[in-house]
Amino acid sequence: MPELPEVETICIGLRNGIPEQPSIIGNQISEAHVLWNRTIKEPTVEKFVSKIQGQEIIEISRRGKFIVMRLSHDFLIIHLRMSGDLFYRRNFESPATHDRVIFKFKDDGYLVFNDTRKFGRIWLVVDDNEVLGGLGLEPFDPSLSGLELYKMLQRRSTQIKKLLLEQSFLAGIGNIYADEALHLARLHPLTLSNQIDIDSAEVLLRSIRSVLQDGIRHHGASIDWVYKGGDFQNYFKVYKRTGLPCRQCSTLIERIAVGQRSTHFCPNCQKQE
DNA sequence: CACGAGACCTGTTCGC
DNA sequence: TGCGAACAGGTCTCGT
């Protein structure tokens, strides 16, 4: 489920609270139960459980698609991968289906990491840079300009769709928002990055920010049975719209594979140079 | 990070 | 209806 807007939505909810869920800032973790060992990437499960005990949640932020929780002594970092979700549960008798890690709060309630496909990963580290250090700029970083993006694109000669999915290039964009941003920017997904001129680079940056902002405003996208938070899926222009008419020009949306990821685009709006 | 294939997983949907 | 294949919001790793 999670790309930048979905992760951002989850972070905001945990930090500020939402109906039914209080903010978890300031809560003290009394114990952690790990139900699927491979979810814990670092340290070992035993050390994870013992080290996290008694730590307080000081701050919650997002970096790329990672949820970063600053605790009293360590950083608790969570990546939801394909099917992970993180939410507050007031009480429960036994774990629900697909619960992988459960954090019990000293005073009230639980923080639950639920992950159908078991791809999600959790780290408990002193230095968050160890996990986040390889990430590229945040798309909303004020220091990122159209000119800077243009220079970054010039240094590579990769299909733009693949480049947008590289987390070391820009952090947080996934398959949905890459397709949506390229459609808005009128760029064919196979366009080579170093063939994008300065004007197109500026349009691309505005498009990336626009679709991500829209995603956040709609509390993310909810597809199928995974994640039921937002409604951005109702505003997709190309993603999962294969064979349907483009909302701009009525040409039928096509689907191709790019780097083994399904890629949706309008062959009329997004012509290859 | 050049590129593709396979792995990691479970569940839903598609095609015959 | 049944059944296997294809596909799913993401990374990793290995082989070439």
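Of the atoms of DNA strand C within 4 Å of the protein, 55% belong to sugar or phosphate. The rest belong to bases. The model is predicted, and the distances and angles below are computed from it.

The protein surface around DNA strand C comprises 20 residues. Two secondary-structure elements, helix H6 (175–184) and strand E11 (261–265), each supply at least two residues of the surface.

Tyr239 places a polar side-chain atom 2.4 Å from a phosphate oxygen. For Arg81, a polar side-chain atom lies 3.3 Å from a sugar or linking oxygen. An N or O atom in the side chain of Glu3 is 3.5 Å from a sugar or linking oxygen of the DNA strand.

Helix H6 is largely enclosed by the rest of the structure, because 9 of its 10 residues are buried. The buried residues are Asn175, Ile176, Tyr177, Ala178, Asp179, Glu180, Ala181, Leu182 and His183. They pack against helix H1, helix H5 (160–165), helix H7 (198–217) and strand E11. Arg186 follows H6 and has a positive phi, near 60 degrees.

The fold also contains an open sheet of 5 strands. Its order is E2-E9-E5-E4-E3, and the pairing is mixed. Strand E2 (40–42) and strand E3 (57–63) form the edges, each pairing on one side only. From one strand to the next, the twist averages 20 degrees. Strands of a sheet pair through backbone hydrogen bonds, either parallel or antiparallel. E2 and strand E9 (residues 121–125) run parallel and are joined by 2 bridges. Glu42 has Trp123 of E9 as its bridge partner.

Two helices are placed against these strands. Helix H2 (residues 45–52) packs on the sheet and touches E2, E4, strand E5 (75–79) and E9. The direction of H2 makes about 60 degrees with that of E9. Helix H1 (residues 4–16) lies across E3 and strand E4 (66–71). H1 runs at about 165 degrees to E3. H1 is also one of the elements against which the buried residues of H6 pack.

Notes:
Residues numbered from 1 in each chain as written. Chains lettered and ligands numbered in written order. Predicted model: local features only at pLDDT ≥ 70, side-chain atom pairs only at ≥ 80, totals over all residues. Heavy atoms only, no water. Pairing = 2+ DSSP bridges. Helix = DSSP H or I, 4+ residues; strand = E, 2+ residues; numbered from the N terminus. Axes fitted to C-alpha atoms, helices over the stretch in contact; angles between N-to-C directions. Contact = heavy atoms within 4.5 Å. Near = heavy atom within 4 Å. Polar contact = N/O pair within 3.5 Å; in protein donor to acceptor, adjacent residues only side chain to side chain. Buried < 20%, exposed > 50% of the residue type's maximum accessible area, 1.4 Å probe, protein only.
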